[in-house]
Amino acid sequence: MGFCTTDERKPLKLEELVRWLESEWMSTRVDQNLRTLWVPNACTHDTAVSKFDPLFPLANDYHFAGFELLACPVAPRITHYDDEGRFTDQTGAFLFRFVQKHGDKTVEVPVLSAHHSNESWEMLAVAAVPADFMAAWTDFTTECVRLSSARTPTDRVVIIGGHSSSFVPTTQWDEVVLPPKLKAEILEDVSAFFRKGVEVYRRLNLKPFRKLLLAGVPGTGKTMLCSALARWALDQNYLVIYVSSAKKRQNDPYGSTFDKIDYALAVAARSQYPTLILLEELDAYLHEEEKALILNVLDGSESAMNENGTLLVSTTNYPEAIDERIMKRPGRLDRIFIIPETRERSDAEKMLRQYLGGMWREEHAALVPQLVGYPGAFIREVAVCALTQLAYVEGEQLPLELLERSYKSLKEQIDARDDFLTRKGGIGFSVPEKAESNGSNGHH
Ligand SMILES: Nc1ncnc2c1ncn2[C@@H]1O[C@H](COP(=O)(O)OP(=O)(O)OP(=O)(O)O)[C@@H](O)[C@H]1O
Ligand SMILES: [Mg+2]
């Protein structure tokens, strides 16, 4: 009849592992009341098995006393590594040893880990654990899970949900040109939270979790600010986590975009270091299915908390998308900073000088008044565009006239785009309002 008998069906990997445990291990230890458990993959994570602290106390006075490898043909040992060459997950057969402090009792637990199947890289792990060892075993696996995702501060930003696992931020605080009062307030808010706030929250019996939002039209330096804050926080030896874009990628191990935020908070909590989490484009996370989950995350009520303080800095250039439930409800966002376009000639000049570098000449200052009201990204673009033009003609010095031409052509592009969006009505994200909203003498 075309049905497979049990013998013809290819056994699941899980069944192969369990059969091996039963025939090679459990059959000779029937007195131990062993249970076959499906255990977290973290149990065989390289960090967990090689860095587990032998002094870490497990229930009933047990301690982890190391491991040896078992020869097991159904669980070959394969080690994964990240893009910095650190060993991460591994498959294979391990024999973990635990000793009781005073009783001199030793418990051995075989743990087998393998990839699901030919089609899947996902891993699974099983163990044979004596029933009366469960309390200590549970403590052990919980700590393995923590260790496998805990991070210690380094000179790099940890990325969650991106293509690579970390990056080095290079933006210096001084490079960000903003009204000095605003800049000082942002840095003061961030540093005061870690210096004093965490302790205050704790005394008040609140979770030390602070949430800031940087809001502003595109190109005003929000991403740059995040990068400079990351640099600053790494210099303080804090942990810095960057949650990559809200879009779910193919093969993304995270089930949803919300999971990335949740995971970032868990890494912060498990790591137990002061942690800065950068979450760009908060608005993109607030689509209908996940909104309620995100609201809970912002409340901080669901997640495990980092005793040493977690500061979430999020950005948006579309604050209209962040509705009243977030903006106006106390506690969900502690503070919103509006990041404006340039307002002062001095700031516009500083940026132009910064982006022209050695090519700056005093005569270029004549263009500065026209740059006021534009975001930093525009001013940078004017400079870069003029410099490339100059490079094409192999010029040595940048004439003011070339800089002005570059300005005019970029301004025309922007005006044409704004005009198009305005005429299209509701489609643009309220482009016409943005120059008015900050009182600048912008380009409208
Ligand atoms: N305030 C600023 N000071 C100095 N440079 C700036 C500033 N704003 C923007 N720039 C320049 O423009 C580039 C782009 O800015 P950035 O990506 O930080 O803008 P953004 O606010 O994050 O924009 P978006 O809302 O589109 O994400 C920066 O890398 C920097 O070179
Ligand atoms: Mg940005």
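By class, the shell around ligand 1 holds 8 nonpolar, 7 polar and 2 charged residues (Ala, Val, Leu, Ile, Met, Phe, Trp, Tyr, Cys and Pro count as nonpolar, Asp, Glu, Lys and Arg as charged, the others, Gly among them, as polar). This is a predicted model, in which local features need pLDDT of at least 70 and side-chain atom pairs count only at pLDDT 80 or more, while totals for chains, interfaces and linings use all residues. Residues are numbered from 1 along each chain as its sequence is written, and chains are lettered from A and ligands numbered from 1 in the order in which they are written.

**Exercise 1.** State which residues are closest to ligand 1 and which elements give two or more residues to its shell.

*Solution.* Step 1: 17 residues surround ligand 1, the closest being Pro218, Gly221, Lys222, Thr223 and Gly376 (C-beta atom, placed from the backbone, within 6 Å). Step 2: α5 (222–235) and α11 (376–392) each give two or more residues (helices are DSSP runs of H or I, at least four residues, numbered from the N terminus).

**Exercise 2.** Classify the crossing of α11 and α12 by angle.

*Solution.* Step 1: the axes of α11 and α12 (residues 400–423) come within 8 Å and cross at roughly 125 degrees (lines fitted to C-alpha atoms over the stretch in contact; angles run from 0 to 180 degrees between N-to-C directions). Step 2: α11 is therefore oblique to α12 (under 35 degrees is roughly parallel, over 145 roughly antiparallel, 65 to 115 roughly perpendicular, the rest oblique).
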